Amino acid sequence: MSFKVAVLPGDGIGPEVIAEAVKVVRATSDKYEFEEAIIGGIAYDQTGHPLPPATLQLCRDSDAVLMGAVGGPQWENVQPASHRPEIGALLALRSELTLYANVRPAKTLKSLLNASPLKGDHGMIDVVVVRELTGGIYFGEPRERRDNGNTAVDTCVYTKQEVKRIAEQAFAIARTRRHEIVSVDKANVLETSRLWREVVTEMAASNPDVKVTHMLVDNCAMQLVRYPGQFDVILTENMFGDILSDEASMITGSLGLLPSASMGPSKNGRLFGLYEPVHGSAPDIAGQGRANPIAAILSAAMMLRYTFNDNEGADRIEESCEKVLEAGLRTADIFEKDCQLVSTTKLGDAIAEAVKEG
Ligand code: IPM
Ligand code: MG
(Lines give C-alpha, C1' and ligand atoms only; values in the text may rest on other atoms or scores of the structure.)
(Ligands and ions follow the chains in the order given, each with its own letter.)
Protein backbone atom coordinates (compact mmCIF):
# COMPACT_ATOMS: atom_id res chain seq x y z
CA MET A 1 0.00 0.00 0.00
CA SER A 2 1.34 3.44 -0.80
CA PHE A 3 1.15 6.43 1.48
CA LYS A 4 1.12 9.55 -0.60
CA VAL A 5 2.06 12.92 0.84
CA ALA A 6 1.78 16.21 -1.04
CA VAL A 7 4.66 18.46 -0.01
CA LEU A 8 4.12 22.22 -0.29
CA PRO A 9 7.25 24.03 0.95
CA GLY A 10 5.94 27.54 0.14
CA ASP A 11 7.78 30.77 0.92
CA GLY A 12 10.44 32.14 3.25
CA ILE A 13 11.76 29.53 5.66
CA GLY A 14 9.09 27.05 4.47
CA PRO A 15 11.40 25.10 2.11
CA GLU A 16 14.18 24.91 4.74
CA VAL A 17 12.03 23.50 7.52
CA ILE A 18 10.02 21.19 5.26
CA ALA A 19 13.20 19.61 3.89
CA GLU A 20 14.09 18.61 7.46
CA ALA A 21 10.60 17.26 8.13
CA VAL A 22 10.74 15.08 5.02
CA LYS A 23 14.21 13.89 6.01
CA VAL A 24 12.98 12.86 9.46
CA VAL A 25 9.88 11.03 8.15
CA ARG A 26 12.12 9.15 5.70
CA ALA A 27 14.25 8.11 8.67
CA THR A 28 11.21 6.37 10.21
CA SER A 29 10.30 4.32 7.15
CA ASP A 30 10.51 4.17 3.38
CA LYS A 31 6.79 3.60 2.95
CA TYR A 32 5.97 7.28 2.49
CA GLU A 33 5.97 8.77 -0.99
CA PHE A 34 6.45 12.51 -1.34
CA GLU A 35 5.47 14.73 -4.24
CA GLU A 36 6.23 18.44 -4.25
CA ALA A 37 4.26 21.38 -5.63
CA ILE A 38 4.48 25.15 -5.46
CA ILE A 39 2.22 27.32 -3.32
CA GLY A 40 2.12 30.90 -2.02
CA GLY A 41 4.11 33.88 -3.25
CA ILE A 42 6.50 31.75 -5.25
CA ALA A 43 3.55 30.20 -7.09
CA TYR A 44 2.06 33.65 -7.68
CA ASP A 45 5.33 34.82 -9.22
CA GLN A 46 5.63 31.76 -11.43
CA THR A 47 2.01 31.27 -12.50
CA GLY A 48 0.01 34.36 -11.53
CA HIS A 49 -1.89 32.51 -8.80
CA PRO A 50 -0.79 31.46 -5.29
CA LEU A 51 -2.70 28.16 -5.50
CA PRO A 52 -2.21 26.78 -9.03
CA PRO A 53 -4.78 24.16 -10.13
CA ALA A 54 -2.05 21.49 -10.37
CA THR A 55 -1.15 22.06 -6.71
CA LEU A 56 -4.77 21.75 -5.59
CA GLN A 57 -5.13 18.59 -7.69
CA LEU A 58 -2.02 17.06 -6.13
CA CYS A 59 -3.51 17.69 -2.66
CA ARG A 60 -6.77 16.05 -3.69
CA ASP A 61 -4.87 13.04 -5.02
CA SER A 62 -2.82 12.62 -1.83
CA ASP A 63 -3.56 11.12 1.60
CA ALA A 64 -2.12 14.10 3.45
CA VAL A 65 -0.49 17.46 2.83
CA LEU A 66 2.69 18.66 4.50
CA MET A 67 3.04 22.41 4.17
CA GLY A 68 5.72 24.96 5.10
CA ALA A 69 4.47 28.54 5.17
CA VAL A 70 3.24 31.13 2.70
CA GLY A 71 3.54 34.88 2.29
CA GLY A 72 6.04 37.67 2.64
CA PRO A 73 6.26 41.45 2.39
CA GLN A 74 6.60 41.48 -1.40
CA TRP A 75 3.10 40.01 -1.81
CA GLU A 76 1.31 41.97 0.91
CA ASN A 77 -0.32 44.42 -1.48
CA VAL A 78 -1.05 42.14 -4.42
CA GLN A 79 -4.37 43.00 -6.06
CA PRO A 80 -6.93 41.55 -6.08
CA ALA A 81 -6.69 40.41 -2.45
CA SER A 82 -7.79 36.94 -3.53
CA HIS A 83 -4.34 36.55 -5.13
CA ARG A 84 -2.43 37.20 -1.89
CA PRO A 85 -0.77 34.08 -0.52
CA GLU A 86 -2.68 34.11 2.80
CA ILE A 87 -6.12 34.41 1.25
CA GLY A 88 -5.59 32.89 -2.20
CA ALA A 89 -3.48 29.93 -1.07
CA LEU A 90 -3.89 29.19 2.63
CA LEU A 91 -7.54 30.10 3.17
CA ALA A 92 -8.48 28.74 -0.26
CA LEU A 93 -6.81 25.43 0.49
CA ARG A 94 -8.55 25.16 3.87
CA SER A 95 -11.89 25.85 2.25
CA GLU A 96 -11.39 23.74 -0.93
CA LEU A 97 -10.29 20.72 1.11
CA THR A 98 -12.93 21.33 3.85
CA LEU A 99 -10.25 21.41 6.55
CA TYR A 100 -12.62 22.56 9.25
CA ALA A 101 -10.78 21.27 12.31
CA ASN A 102 -7.54 22.96 13.23
CA VAL A 103 -5.70 21.21 16.05
CA ARG A 104 -2.87 23.10 17.74
CA PRO A 105 -1.19 21.49 20.71
CA ALA A 106 0.99 23.69 22.91
CA LYS A 107 3.03 21.79 25.42
CA THR A 108 6.02 22.87 27.49
CA LEU A 109 9.06 20.71 26.88
CA LYS A 110 11.03 19.96 30.04
CA SER A 111 14.30 20.92 28.41
CA LEU A 112 12.90 24.32 27.46
CA LEU A 113 11.14 25.32 30.67
CA ASN A 114 13.33 28.42 30.88
CA ALA A 115 12.27 29.58 27.43
CA SER A 116 8.75 30.43 28.60
CA PRO A 117 8.13 34.13 29.23
CA LEU A 118 6.26 33.00 32.37
CA LYS A 119 8.50 32.12 35.28
CA GLY A 120 9.34 28.59 36.37
CA ASP A 121 6.58 26.02 36.89
CA HIS A 122 4.05 28.77 36.44
CA GLY A 123 4.73 28.58 32.71
CA MET A 124 3.86 24.88 32.38
CA ILE A 125 1.26 24.42 29.70
CA ASP A 126 -0.25 21.36 28.03
CA VAL A 127 -3.22 22.43 25.99
CA VAL A 128 -4.75 21.57 22.65
CA VAL A 129 -6.49 24.44 20.91
CA VAL A 130 -9.24 23.10 18.63
CA ARG A 131 -10.03 25.93 16.27
CA GLU A 132 -12.89 26.02 13.76
CA LEU A 133 -11.14 26.77 10.46
CA THR A 134 -13.55 27.18 7.56
CA GLY A 135 -16.26 29.46 8.94
CA GLY A 136 -16.75 32.67 10.88
CA ILE A 137 -15.46 36.08 9.96
CA TYR A 138 -12.63 34.66 7.81
CA PHE A 139 -15.15 33.43 5.26
CA GLY A 140 -18.29 35.54 5.84
CA GLU A 141 -20.05 37.22 2.94
CA PRO A 142 -20.20 40.07 2.21
CA ARG A 143 -16.63 41.17 2.73
CA GLU A 144 -16.35 44.50 0.97
CA ARG A 145 -15.72 48.22 0.85
CA ARG A 146 -18.62 50.65 0.61
CA ASP A 147 -18.99 54.44 0.30
CA ASN A 148 -16.07 54.86 -2.08
CA GLY A 149 -13.87 52.79 0.19
CA ASN A 150 -14.67 54.73 3.34
CA THR A 151 -16.56 51.88 4.98
CA ALA A 152 -15.28 48.31 5.33
CA VAL A 153 -17.49 45.30 6.02
CA ASP A 154 -16.65 41.81 7.26
CA THR A 155 -19.36 39.34 8.16
CA CYS A 156 -19.32 36.62 10.79
CA VAL A 157 -21.54 33.63 10.08
CA TYR A 158 -21.86 30.25 11.79
CA THR A 159 -24.37 27.44 11.31
CA LYS A 160 -25.31 24.90 13.98
CA GLN A 161 -23.88 22.19 11.78
CA GLU A 162 -20.48 23.91 11.63
CA VAL A 163 -20.35 24.30 15.39
CA LYS A 164 -21.43 20.71 15.95
CA ARG A 165 -18.78 19.12 13.74
CA ILE A 166 -15.89 21.03 15.29
CA ALA A 167 -17.21 20.39 18.79
CA GLU A 168 -17.30 16.67 17.98
CA GLN A 169 -13.58 16.81 17.21
CA ALA A 170 -12.94 18.57 20.51
CA PHE A 171 -14.84 15.88 22.42
CA ALA A 172 -12.86 13.15 20.64
CA ILE A 173 -9.56 14.85 21.48
CA ALA A 174 -10.58 15.53 25.10
CA ARG A 175 -11.25 11.80 25.47
CA THR A 176 -7.60 11.05 24.64
CA ARG A 177 -6.53 13.54 27.35
CA ARG A 178 -7.94 14.87 30.63
CA HIS A 179 -11.59 14.95 29.50
CA GLU A 180 -11.97 18.71 29.91
CA ILE A 181 -13.12 21.26 27.38
CA VAL A 182 -13.23 25.01 27.81
CA SER A 183 -15.42 26.39 25.04
CA VAL A 184 -14.46 29.98 24.30
CA ASP A 185 -16.81 32.58 22.86
CA LYS A 186 -18.05 36.15 23.24
CA ALA A 187 -21.64 35.25 24.09
CA ASN A 188 -22.17 38.47 26.02
CA VAL A 189 -22.02 40.36 22.72
CA LEU A 190 -22.09 38.25 19.56
CA GLU A 191 -25.05 36.35 18.14
CA THR A 192 -22.76 33.75 16.53
CA SER A 193 -21.28 33.16 20.00
CA ARG A 194 -24.74 32.65 21.49
CA LEU A 195 -25.45 29.99 18.86
CA TRP A 196 -22.03 28.46 19.54
CA ARG A 197 -22.73 28.25 23.28
CA GLU A 198 -26.21 26.77 22.70
CA VAL A 199 -24.86 23.97 20.51
CA VAL A 200 -21.92 23.17 22.79
CA THR A 201 -24.16 23.17 25.88
CA GLU A 202 -26.52 20.72 24.21
CA MET A 203 -23.64 18.43 23.25
CA ALA A 204 -22.18 18.62 26.74
CA ALA A 205 -25.44 17.24 28.12
CA SER A 206 -25.19 14.16 25.93
CA ASN A 207 -21.44 13.65 26.58
CA PRO A 208 -21.31 13.63 30.39
CA ASP A 209 -17.87 11.93 30.49
CA VAL A 210 -16.30 15.20 29.34
CA LYS A 211 -16.41 18.24 31.60
CA VAL A 212 -17.41 21.29 29.57
CA THR A 213 -17.19 24.87 30.76
CA HIS A 214 -17.65 28.15 28.90
CA MET A 215 -15.35 31.12 29.00
CA LEU A 216 -15.48 34.53 27.36
CA VAL A 217 -12.58 35.13 25.02
CA ASP A 218 -11.15 38.15 26.83
CA ASN A 219 -11.15 36.25 30.10
CA CYS A 220 -9.51 33.27 28.37
CA ALA A 221 -6.70 35.46 27.04
CA MET A 222 -6.11 36.63 30.61
CA GLN A 223 -6.43 33.15 32.19
CA LEU A 224 -3.87 31.73 29.75
CA VAL A 225 -1.27 34.06 31.18
CA ARG A 226 -2.49 33.86 34.78
CA TYR A 227 -2.58 30.07 35.05
CA PRO A 228 -2.02 28.19 31.78
CA GLY A 229 -2.03 24.83 33.56
CA GLN A 230 -5.80 25.01 34.04
CA PHE A 231 -6.52 24.25 30.36
CA ASP A 232 -6.80 20.85 28.72
CA VAL A 233 -8.75 21.40 25.47
CA ILE A 234 -9.81 24.86 24.28
CA LEU A 235 -12.61 24.74 21.71
CA THR A 236 -13.23 27.92 19.80
CA GLU A 237 -14.22 29.66 16.58
CA ASN A 238 -11.92 30.69 13.77
CA MET A 239 -10.62 34.13 14.75
CA PHE A 240 -10.54 33.59 18.51
CA GLY A 241 -8.62 30.37 17.83
CA ASP A 242 -6.14 32.23 15.65
CA ILE A 243 -5.35 34.64 18.46
CA LEU A 244 -5.47 32.24 21.42
CA SER A 245 -3.32 29.64 19.68
CA ASP A 246 -0.54 32.20 19.20
CA GLU A 247 -0.81 33.15 22.86
CA ALA A 248 -0.77 29.53 24.05
CA SER A 249 2.16 28.71 21.82
CA MET A 250 4.29 31.58 23.10
CA ILE A 251 3.85 30.30 26.64
CA THR A 252 5.83 27.21 25.62
CA GLY A 253 8.75 29.50 24.74
CA SER A 254 8.91 29.39 21.00
CA LEU A 255 6.55 29.54 18.07
CA GLY A 256 9.26 27.61 16.27
CA LEU A 257 8.35 24.46 18.17
CA LEU A 258 4.68 24.09 17.53
CA PRO A 259 2.96 21.87 15.02
CA SER A 260 -0.59 21.96 13.76
CA ALA A 261 -3.04 19.77 11.92
CA SER A 262 -6.01 20.91 9.88
CA MET A 263 -8.37 18.06 9.36
CA GLY A 264 -11.28 17.41 7.07
CA PRO A 265 -13.50 14.45 6.36
CA SER A 266 -11.94 10.98 6.03
CA LYS A 267 -10.77 9.80 2.63
CA ASN A 268 -9.98 6.17 1.66
CA GLY A 269 -10.62 5.25 5.29
CA ARG A 270 -8.00 7.71 6.50
CA LEU A 271 -8.39 11.05 8.18
CA PHE A 272 -7.33 13.57 5.55
CA GLY A 273 -5.26 16.40 6.95
CA LEU A 274 -2.96 19.27 6.16
CA TYR A 275 -0.03 19.51 8.53
CA GLU A 276 1.96 22.69 8.99
CA PRO A 277 3.98 24.56 11.60
CA VAL A 278 2.12 27.25 13.53
CA HIS A 279 4.82 29.78 12.65
CA GLY A 280 4.83 31.77 9.45
CA SER A 281 7.31 32.20 6.61
CA ALA A 282 9.69 34.44 8.68
CA PRO A 283 11.15 36.21 5.62
CA ASP A 284 13.65 38.08 7.79
CA ILE A 285 15.62 34.91 8.50
CA ALA A 286 14.90 32.96 5.30
CA GLY A 287 17.81 31.36 3.51
CA GLN A 288 20.20 31.74 6.45
CA GLY A 289 19.89 28.27 7.99
CA ARG A 290 18.62 29.84 11.22
CA ALA A 291 15.03 28.59 11.20
CA ASN A 292 13.93 26.09 13.80
CA PRO A 293 12.72 22.97 11.96
CA ILE A 294 11.09 21.38 15.03
CA ALA A 295 7.58 22.74 14.41
CA ALA A 296 7.65 21.31 10.89
CA ILE A 297 9.10 18.01 12.12
CA LEU A 298 6.45 17.71 14.85
CA SER A 299 3.78 18.54 12.25
CA ALA A 300 5.02 15.55 10.26
CA ALA A 301 4.73 13.45 13.44
CA MET A 302 1.10 14.55 13.77
CA MET A 303 0.58 13.47 10.16
CA LEU A 304 1.89 9.98 10.89
CA ARG A 305 -0.33 9.75 13.97
CA TYR A 306 -3.61 11.13 12.65
CA THR A 307 -3.66 10.31 8.94
CA PHE A 308 -1.53 7.17 8.77
CA ASN A 309 -2.22 5.70 12.23
CA ASP A 310 1.54 5.27 12.55
CA ASN A 311 1.81 5.93 16.28
CA GLU A 312 5.14 4.18 16.49
CA GLY A 313 6.72 6.46 13.88
CA ALA A 314 5.13 9.54 15.48
CA ASP A 315 6.35 8.58 18.96
CA ARG A 316 9.85 8.05 17.63
CA ILE A 317 9.93 11.48 16.01
CA GLU A 318 8.58 13.22 19.11
CA GLU A 319 10.99 11.43 21.43
CA SER A 320 13.90 12.19 19.11
CA CYS A 321 13.10 15.91 19.15
CA GLU A 322 13.12 15.87 22.97
CA LYS A 323 16.33 13.85 23.05
CA VAL A 324 18.19 16.24 20.77
CA LEU A 325 17.00 19.26 22.75
CA GLU A 326 18.02 17.58 25.99
CA ALA A 327 21.45 17.01 24.46
CA GLY A 328 21.67 20.81 24.21
CA LEU A 329 21.34 21.41 20.47
CA ARG A 330 19.55 24.66 19.72
CA THR A 331 18.64 26.96 16.87
CA ALA A 332 18.93 30.69 17.60
CA ASP A 333 15.28 31.22 18.61
CA ILE A 334 15.62 28.90 21.62
CA PHE A 335 19.31 29.33 22.33
CA GLU A 336 20.37 29.31 25.99
CA LYS A 337 23.69 29.58 27.78
CA ASP A 338 25.85 26.41 27.64
CA CYS A 339 23.93 25.04 24.66
CA GLN A 340 25.26 24.35 21.20
CA LEU A 341 24.02 26.68 18.46
CA VAL A 342 23.31 24.70 15.29
CA SER A 343 21.80 25.36 11.88
CA THR A 344 18.41 24.21 10.59
CA THR A 345 20.02 21.32 8.68
CA LYS A 346 22.24 20.24 11.57
CA LEU A 347 19.27 20.06 13.92
CA GLY A 348 17.28 18.10 11.33
CA ASP A 349 20.22 15.72 10.80
CA ALA A 350 20.54 15.12 14.54
CA ILE A 351 16.82 14.37 14.89
CA ALA A 352 16.86 12.03 11.87
CA GLU A 353 19.89 10.27 13.37
CA ALA A 354 18.09 9.85 16.71
CA VAL A 355 15.05 8.46 14.88
CA LYS A 356 17.20 5.84 13.16
CA GLU A 357 18.86 4.86 16.43
CA GLY A 358 15.58 4.83 18.39
C1 IPM B 1 -2.68 30.97 11.12
C2 IPM B 1 -2.32 32.23 10.39
C3 IPM B 1 -3.35 32.46 9.29
C4 IPM B 1 -4.70 32.58 9.95
C5 IPM B 1 -3.08 33.68 8.39
C6 IPM B 1 -1.71 33.62 7.79
C7 IPM B 1 -4.14 33.84 7.34
O8 IPM B 1 -2.24 33.30 11.25
O9 IPM B 1 -2.70 29.90 10.49
O10 IPM B 1 -2.93 31.04 12.31
O11 IPM B 1 -5.06 33.66 10.42
O12 IPM B 1 -5.42 31.58 9.98
MG1 MG C 1 -2.41 32.74 13.31
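A cavity is a set of points on a 1 Å grid, laid over the protein atoms alone, where a 1.4 Å probe fits but cannot get out. Grid points are joined across faces, edges and corners, and a volume is the space filled by probe spheres set on the points. By this rule there is one cavity of 30 Å³ or more.

Arg104, Pro105, Ala106, Val129, Ser245, Ala248, Ser249, Leu258 and Val278 line the largest cavity; a lining residue has an atom within 4 Å of a point. Six of these lining residues are nonpolar, two polar and one charged. Here Ala, Val, Leu, Ile, Met, Phe, Trp, Tyr, Cys and Pro count as nonpolar, Asp, Glu, Lys and Arg as charged, and the others, Gly among them, as polar. β4 (101–107) and α8 (238–251) each supply at least two residues of this lining. Helices (H or I, at least four residues) and strands (E, at least two) are DSSP runs, numbered from the N terminus. Domain 1 (1–104 + 256–358) and domain 2 (117–252) each give at least three residues to the cavity lining; the domain bounds come from an automatic or database domain assignment.

A pocket is an open set of points with protein on both sides within 12 Å along at least five of seven lines. The largest pocket has a volume of about 820 Å³. It is lined by 28 residues, of which Pro105, Lys107, Met302, Arg305 and Glu318 are the closest to its centre. By class, the lining of the largest pocket has 18 nonpolar, two polar and eight charged residues.

Of its 19 lining residues, Glu86, Leu90, Arg94, Arg104 and Val278 are the closest to the centre. β3 (64–69), α4 (85–96), α8 and β12 (270–277) give two or more residues each, and α4 gives the most, with four. The lining of the second largest pocket divides into eight nonpolar, four polar and seven charged residues. The second largest pocket also lies between domain 1 and domain 2, because both give residues to its lining.

## Helix packing

Two packed helices are described by the angle between their axes and the distance between the axes. Axes are lines fitted to C-alpha atoms, for helices over the stretch in contact, and angles run from 0 to 180 degrees between N-to-C directions.

Helix α10 (residues 311–326) and helix α11 (residues 344–357) pack at about 125 degrees, with their axes 8 Å apart. α10 and α11 are therefore oblique to each other (under 35 degrees is roughly parallel, over 145 roughly antiparallel, 65 to 115 roughly perpendicular and the rest oblique). The axes of α5 and helix α6 (residues 191–206) come within 9 Å and cross at roughly 45 degrees. α5 is therefore oblique to α6.

## Backbone details in loops

The peptide bond from Gln79 to Pro80 is cis, with omega near -10 degrees, and Pro80 is in the loop between β3 and α4. The bond from Glu141 to Pro142 is also cis, with omega near 0 degrees. His179, in the loop between α5 and β8 (180–185), has a positive phi of about 65 degrees although it is not a glycine.

## Conventions

Residues are numbered from 1 along each chain as its sequence is written, and chains are lettered from A and ligands numbered from 1 in the order in which they are written. In this predicted model, local features need pLDDT of at least 70 and side-chain atom pairs count only at pLDDT 80 or more, while totals for chains, interfaces and linings use all residues; side-chain values use heavy atoms, with hydrogens and water left out.
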